[in-house]
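Colleague: I would like to go through this model with you, one region at a time. Shall we begin?

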Amino acid sequence: MSYSTSEMMTVAAARRLRNGAVCFVGIGLPSKAANLARLTSSPDVVLIYESGPIGAKPSVLPLSIGDGELAETADTVVPTGEIFRYWLQGGRIDVGFLGAAQVDRFGNINTTVVGDYHAPKTRLPGAGGAPEIAGSAKQVLIILKQSPRAFVDKLDFITSVGHGEGGDSRQRLGLPGEGPVGIITDLCIMEPEADTHEFVVTSIHPGVTREQIIKATGWAIRFAEGVQQTAAPSEVELSALRDLEARTAAAHGQTAGEA
Amino acid sequence: MAAILSLHEAVKQFIQDGDSVALEGFTHLIPTAAGHEIIRQGKRDLTLVRMTPDLIYDQLIGAGCARKLIFSWGGNPGVGSLHRLRDAVEKQWPHAIEIEEHSHADLANAYVAGASGLPFAVLRAYAGSDLPKVNPLIKSVTCPFTGEVLAAVPSVRPDVTVIHAQKADRKGNVLLWGILGVQKEAALAAKRCIVTVEEIVDDLQAPMNACVLPTWALSAVCLVPGGAHPSYAHGYYERDNRFYQAWDPIARNRESFTAWIDTYIRGTADFTEFQARLASTAEAAQ
């Protein structure tokens with residue numbers, strides 16, 4: 001089966017969620033990948049959304065973080081304050097699954113502004129739940145499409161911290177979680193190198209060249225020794241993803257590409 | 001005791017120019033009709049508080065009602081930008097707006113602290129983030145027991161909170177369910193609270209432990225069926241995703257936005273008339 005680079009990205013991200021993991025899910029790409037994991041390799045993954053649903057099992061992807069479908073399919077729905085206080089800050093989240101507008105080589109995330117904060121070139125939506133998810137989840141996964149505008153040498157603004165300035169930055173900041181352990185893109189998978197915590201390419205998606213990755217990264221990206229090739233999406237993974245997107249499009253009255 | 005009032009009367013009585021106002025509802029139960037009524041009555045210089053400004057604050061900001069915005073995520077969910085918010089921040093249209101920016105965990109805790117009668121909230125947050133550099137109200141406090149340095153943020157205690165709920169009884173007790181966001185905390189943190197509801201019934205038939213706001217904790221209850229549209233009211237109607245998408249081109253430029261506000265909000269007497277106008281436009285487009 002042929003597939004798109006976006007499908008490869010979603011499938012590669014879904015594979016990273018182990019069965020039974022408790023996952024705090026951001027809206028958009030993270031939600032799509034997390035639900036694909038639930039429908040394929042990890043049926044017992046527990047999905048928590050910041051609006052309040054715990055153990056959500058949506059049959060179609062939510063358009064907003066608080067769609068009724070999430071509440072109806074959840075084990076329980078709690079107030080938003082409780083989500084952040086008891087479940088996240090309380091240390092019960094295994095994986096925080098985040099999107100981003102921009103990341104840097106240490107997995108720090110900008111979702112606030114491009115340009116100067118007080119005179120922004122582009123005003124982005126802002127923090128949402130991400131800063132505390134990035135701080136308190138035991139591990140963090142980041143999913144976004146790779147381009148030089150998104151993978152930048154220096155962020156204009158750090159909304160949510162990854163590995164800070166690298167090295168033992170997170171320990172010095174006193175952050176409880178391990179921080180980002182993977183950035184999954186439409187071209188490759190990056191993981192933090194031991195000690196420096198700089199993200200290096202550890203797996204390249206089929207058909208993608210090193211030159212493509214270098215061109216799509218705003219810093220001098222490095223490749224791990226023994227870099228792998230990502231396994232192509234299986235038929236099971238692809239049909240589960242396409243069915244999910246088709247159901248979503250039908251439910252939200254969109255065309256399939258928009259889901 | 002909450003008075004059962006028309007929305008017009010409640011907004012007139014309880015929201016004054018210059019007030020800090022929280023219209024809450026996390027995707028679900030967003031009190032859209034109340035936002036419209038604030039625009040109709042031309043309220044000015046409001047400090048708007050809301051975790052997710054959404055379309056409701058895009059409208060209030062573009063219509064010139066806001067002096068300041070306190071928020072934590074400002075996008076059109078599933079669609080893109082809030083163009084009126086961006087135009088106000090980036091180009092000071094229709095006038096400059098002060099922004100005070102937090103994270104969700106921060107604002108959610110700040111509402112809890114407000115409802116708890118505390119001056120500030122404490123949480124484990126912001127280490128390594130640049131937000132405290134641009135928001136001087138995000139400070140830190142050292143735990144007197146462990147020495148851990150934690151974030152301290154001022155509690156949110158609005159002059160007025162407005163929420164939408166499913167049901168009230170004739171005394172003005174209110175029942176809401178589904179995704180509750182920070183509505184209960186926002187209601188109890190405020191000096192005054194207006195609740196718009198889908199229906200008023202003889203008996204709420206609330207299950208034990210349900211989220212019920214007693215009438216004596218509220219200022220006014222207003223019957224406004226459909227008042228959360230294009231957001232949704234669980235058990236009554238679904239989120240109108242198409243409206244969220246349609247909002248993008250309307251809000252994208254100043255002229256089309258102003259024309260929309262003039263036609264649909266300033267040009268209608270109340271929410272019922274607004275709904276009728278929206279429906280007739282939709283019909284004509286078919």
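Colleague: What do the buried residues of H4(B) pack against?
Modeller: This is a predicted model. In it, the buried residues of H4(B) pack against strand S9 (119–123) of chain A. From chain B, their partners are helix H3 (54–62), strand S6 (80–81), strand S7 (98–101), H8 and helix H9 (254–266).

Colleague: Which residues of H4(B) are buried?
Modeller: They are His83(B), Arg84(B), Leu85(B), Arg86(B), Asp87(B), Ala88(B) and Val89(B). Seven of the nine residues of H4(B) are therefore buried, and the helix is largely enclosed by the rest of the structure.

Colleague: What about the backbone just after H4(B)?
Modeller: Gln92(B) follows there, with a positive phi of about 55 degrees.

Colleague: Where does H5(B) lie relative to the strands?
Modeller: Helix H5 (residues 104–115) of chain B lies across S8 and S10 of chain B, and runs at about 135 degrees to S8(B).

Colleague: What sheet do those strands belong to?
Modeller: They are part of an open sheet of three strands in chain B, with the order S8-S10-S9 and antiparallel pairing. Strand S8 (120–123) and strand S9 (139–142) of chain B are the edge strands, each pairing on one side only. On average, neighbouring strands of this sheet are turned by 40 degrees against each other, direction ignored.

Colleague: How many bridges join S8(B) to S10 of chain B?
Modeller: Four bridges join S8(B) to strand S10 (residues 149–154) of chain B, and the two run antiparallel. Within this pair, Leu123(B) stands opposite Ala151(B) in S10(B).

Colleague: Which residues of S8(B) are on the covered face, and which on the uncovered one?
Modeller: Ala121(B) and Leu123(B) form the covered face, whereas Phe120(B) and Val122(B) form the uncovered one. In a regular strand, side chains alternate between the two faces of the sheet.

Colleague: Let us move to chain A. At what angle do the axes of H1 and H8 of chain A cross?
Modeller: Helix H1 (residues 5–15) and helix H8 (residues 235–252) of chain A cross at roughly 105 degrees, and their axes come within 11 Å. H1(A) is therefore roughly perpendicular to H8(A).

Colleague: Which residues meet there?
Modeller: Glu7(A), Thr10(A) and Val11(A) in H1(A) meet Glu237(A), Leu238(A) and Leu241(A) in H8(A). The residues of this contact divide into three nonpolar, one polar and two charged.

Colleague: Finally, chain B as a whole: how many helices and strands are there?
Modeller: Chain B has 10 helices and 15 strands. Its radius of gyration is 19 Å, close to the 19 Å that the globule rule gives for 286 residues, so chain B is as compact as a globular protein of that length.

Colleague: What share of chain B is buried?
Modeller: Buried residues make up 53% of its 286 residues. Among contacts in chain B with a separation of 6 or more, 74% come from residues 24 or more positions apart.

Terms used:
Residues numbered from 1 in each chain as written. Chains lettered and ligands numbered in written order. Predicted model: local features only at pLDDT ≥ 70, side-chain atom pairs only at ≥ 80, totals over all residues. Rg over C-alpha atoms; globule rule 2.2 N^0.38 Å. Buried ≥ 20, exposed ≤ 12 C-beta atoms within 10 Å, placed from the backbone. Contact = placed C-beta atoms within 7 Å. Pairing = 2+ DSSP bridges. Axes fitted to C-alpha atoms, helices over the stretch in contact; angles between N-to-C directions. Parallel < 35°, antiparallel > 145°, perpendicular 65-115°, else oblique. Nonpolar A, V, L, I, M, F, W, Y, C, P; charged D, E, K, R; others polar.
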